[in-house]
Amino acid sequence: MGIYAVTGGSNGIGAKTISILKQKGHETINIDWKRGDIEADLSLPEGRQKAIDELFSLCPQGLDGLILCAGIPGSRKDLRLILSVNYFGTISIIKGAYDLLKQKNGACVISASSAISREDMKTDLVDLLNNNRDDEYRILEVIGRMDGADLNTGDQIYAASKYALCRWMRRHSASYAANGVRINAVAPGNVNTPMTATGSKDTAAALNALPIPTKYGTKKQMDPEEIASVITFLISPEARGVNGIVMFVDGGTDALLNTEKVY
């Protein structure tokens with residue numbers, strides 16, 4: 001049995017993933033800002049370091065997998081939090097846990113990267129993130145000048161954070177695999193979670209309009225367990241040859257074609 005760390009494991013997809021892993025007999029570590037086995041604020045560099053330090057303390061023999069579900073929705077008025085958690089925080093945890101993952105020579109990293117099929121995202125922000133990843137302070141300063149009350153702006157920044165994360169994953173998948181660590185992403189459609197419940201009617205309509213059909217063509221939201229089941233498959237030995245992909249859950253041809261742009 002393995003040891004798996006999950007960020008954002010107190011609710012939604014993360015909580016369902018932990019439940020499935022425990023049913024399979026695995027050990028799990030929930031990293032969350034509250035009610036976690038490791039309580040840390042991933043929007044802050046010191047919070048990320050705290051999470052990494054505690055992971056090394058709890059898993060001296062290494063980690064079998066790292067599943068990154070923590071995220072901030074586009075409805076959050078402080079737009080900086082969307083990027084600091086969804087993009088900077090996620091990548092910092094991956095890089096910080098890398099040595100633990102390499103110890104197992106077959107570990108896997110999975111990120112939850114929904115909304116990357118949106119055509120109206122801020123592509124200039126995606127480029128800024130991927131080309132200046134280490135300049136978090138300056139990027140957040142720019143984002144802080146934007147109108148946080150505009151839900152459309154928040155949604156666009158949310159989508160850009162997930163798109164940039166997938167691009168980072170695709171670019172690093174080969175070098176990670178060379179050291180025995182697979183890295184993939186799951187891109188679900190509109191999932192019934194506490195995060196999507198905070199969105200506006202316009203946000204829900206935008207999610208349903210994505211080229212990722214939910215519930216096989218219906219307008220119903222997916223259940224978090226459906227996404228968690230895909231995540232637990234991707235980290236399993238059965239998927240040991242899968243690396244560097246964005247897996248669209250309940251997606252059609254249009255959604256799959258869109259992965260060509262995530263490079």
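This is a predicted model: local features need pLDDT of at least 70, side-chain atom pairs count only at pLDDT 80 or more; totals for chains, interfaces and linings use all residues.

Trainee: OK. How do α3 and α5 cross?

Mentor: The axes of α3 (residues 79–102) and α5 (residues 136–143) come within 8 Å and cross at roughly 145°. Axes here are lines fitted to C-alpha atoms, for helices over the stretch in contact, with angles from 0 to 180 degrees between N-to-C directions. Helices are DSSP runs of H or I with at least four residues, strands are E runs of at least two, and both are numbered from the N terminus.

Trainee: Which residues make the contact?

Mentor: On α3 they are L79, R80, L83, S84 and F88, and on α5 they are E136, I139, L140 and I143. Contact means heavy atoms within 4.5 Å. The set divides into six nonpolar, one polar and two charged. In that scheme Ala, Val, Leu, Ile, Met, Phe, Trp, Tyr, Cys and Pro are nonpolar, Asp, Glu, Lys and Arg are charged, and the others, Gly among them, are polar.

Trainee: Is E136 buried or exposed?

Mentor: Buried, with a relative accessible area of 15%. The cut-offs are under 20% for buried, over 50% for exposed and partly exposed in between, using a 1.4 Å probe and protein chains only. Leaving aside neighbours within four places in sequence, E136 is in contact with S43, R48, S84 and F88.

Trainee: Switching to rings. How many aromatic pairs are there?

Mentor: Three. Rings of Phe, Tyr and Trp (its six-membered ring) pair if their centres lie within 6.5 Å; planes under 30 degrees apart are stacked, over 60 edge-to-face, and the rest tilted. Y87 and F88 are edge-to-face, at 5.3 Å centre to centre and 80° between the planes, and both are buried.

Trainee: And what about Y98 and Y176?

Mentor: That pair is stacked, with 4.2 Å between centres and 25° between the planes. The pair links distant parts of the chain, since Y98 sits in α3 and Y176 in α6 (residues 151–177), 78 residues apart.

Trainee: What does α9 pack against?

Mentor: Its buried residues pack against α1 (12–23), β4 (65–68), β5 (107–112), β6 (181–188) and β7 (246–249). Those buried residues of α9 (residues 224–234) are P224, I227, A228, V230, I231, T232 and L234. At the start of α9, a side-chain oxygen of D223 reaches to within 2.8 Å of the backbone nitrogen of E225.

Trainee: Last one: where is G244, and what does G244 touch?

Mentor: G244 is in the loop between α9 and β7, and counts as buried at 11% relative accessibility. Not counting residues up to four places away in sequence, G244 touches M169, R170, S173, I183 and N184. The C-alpha atoms of G244 and A177 are separated by 8.8 Å, with the two residues 67 apart along the chain.

Methods. Residues are numbered from 1 along each chain as its sequence is written. Side-chain values use heavy atoms; hydrogens and water are left out. A polar contact is a pair of N or O atoms within 3.5 Å; within protein, one must be able to donate a hydrogen and the other to accept it, and residues adjacent in sequence count only if both atoms are side-chain atoms.
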